[in-house]
Amino acid sequence: MRIGVLTGGGDCPGLNAVIRAIVRKGINAHGHEFVGFRYGWAGVLNNEASDLTLSSTRGILHRGGTILGSSRTNPYKIDRGVEMVRSTMEARGLDALIPIGGEDTLGVAGKLHADGVNVVGVPKTIDNDLAATDFTFGFQTAVQIATDAIDRLHTTAESHNRVMIVEVMGRHAGWIAVYSGIAGGADVILIPERPFDIDEVCNHIRRRHANGSLFSIVVVSEGAMRKDGDLITEHQETDAFGHVRLGGIGIQLEREIEERTGYESRMTILGHVQRGGTPLAYDRVLGTRFGVAAVDAATEEDFGKMVALRGTDIMRVELAEALAEPKLVDAEIYETAAVFFG
Ligand code: F6P
């Protein structure tokens with residue numbers, strides 16, 4: 001078989017582990033050949049690719065980012081996009097594609113499957129918001145980076161008796177905020193699933209300080225919203241999938257919390273630091289398991305599927321199931337975090 005591999009959307013620690021696993025298992029166990037497309041769907045549309053071999057995928061397991069590059073290109077927003085995908089596959093003699101991506105990249109994969117293209121998807125997002133899989137690789141690394149930052153902010157918060165606001169990634173779901181908030185001992189966690197009232201947030205902080213606390217740590221997802229408002233962002237632009245660029249809710253919270261409570265406040269936006277650098281061992285292992293499972297599914301021509309983690313097992317699920325709706329933070333984990341807000 002000849003198989004095309006691509007990485008789309010925001011990059012994520014562990015992508016190179018997936019690529020390496022697909023190629024290593026695919027060549028050694030199945031005798032396949034691989035082509036790696038540059039910059040996600042853009043490389044497929046422009047037929048920009050090179051061979052992925054045992055030697056070109058050596059030494060990449062521990063490296064962050066993606067050796068293939070990534071973009072947020074949407075073939076369905078481009079005139080004759082699907083035709084271009086088909087003609088690239090024909091020109092390269094490809095039997096199947098393995099796209100590695102989140103809701104957008106795999107959304108395209110799902111549509112291509114319906115249009116008769118052979119695809120097997122691999123779920124990827126630091127946000128951990130893809131349904132049908134318990135975890136996506138990259139999430140644990142992002143949580144660790146955010147937790148390390150919260151630990152550091154704790155000591156300076158204590159020194160200055162300040163309210164520290166930490167803005168983390170999470171467009172639709174607050175997984176990074178909740179996990180890093182629990183691990184880092186946050187006093188307030190604001191997530192997209194639970195629109196907040198700024199008066200309640202400030203009253204809570206005042207109560208804490210009246211009870212003897214001298215500082216507070218607020219962790220907020222970039223996609224958190226006020227009860228009465230829209231998304232809060234410093235940006236206007238949207239991408240090819242219609243998502244507005246997020247970032248900046250922390251700025252507003254810093255100002256409002258300081259104005260309303262009188263406590264000195266400082267915000268930190270962690271941004272893309274959460275997506276960069278070396279993947280944790282957990283994400284290398286999960287990425288490797290996903291890569292091996294994806295190439296096995298393609299070998300068996302079990303197309304239209306996404307590999308997924310369920311409990312401790314790697315399974316195949318319908319792409320459509322994974323894309324139906326985002327996986328939101330459940331009440332149990334949030335309530336566990338809330339035990340420590342006092
Ligand atoms: O999709 C994951 C994500 O990290 C989101 O949490 C964030 O909003 C977005 O990507 C940022 O994307 P970009 O790299 O295009 O700024």
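Biologist: Which residues are around the ligand?
Modeller: This is a predicted model, where local features need pLDDT of at least 70, side-chain atom pairs count only at pLDDT 80 or more, and totals for chains, interfaces and linings use all residues. Residues are numbered from 1 along each chain as its sequence is written, and side-chain values use heavy atoms, with hydrogens and water left out. Counting a residue as near if one of its heavy atoms lies within 4 Å, the residues around the ligand are Arg72, Ile126, Asp127, Met169, Gly170, Arg171, Glu222, His272 and Arg275.

Biologist: Nice! How far is a polar side-chain atom of arginine 275 from an oxygen atom of the ligand?
Modeller: A polar contact here is a pair of N or O atoms within 3.5 Å. For arginine 72, a side-chain N or O atom is 2.8 Å from a ligand oxygen, and for histidine 272 the polar side-chain atom lies 3.0 Å from one. For arginine 275, the distance is 2.7 Å.

Biologist: Which domains does the shell around the ligand draw on?
Modeller: Domain bounds come from an automatic or database domain assignment. The shell takes at least three residues from each of two domains: domain 1 (2–138 + 279–322) and domain 2 (140–276).

Biologist: And how many residues of domain 2 are in contact with domain 1?
Modeller: The C-alpha centres of domain 1 and domain 2 lie 32 Å apart. With contact meaning heavy atoms within 4.5 Å, 21 residues of domain 1 meet residues of domain 2 numbering 19.

Definitions and conventions:
A polar contact is a pair of N or O atoms within 3.5 Å; within protein, one must be able to donate a hydrogen and the other to accept it, and residues adjacent in sequence count only if both atoms are side-chain atoms.
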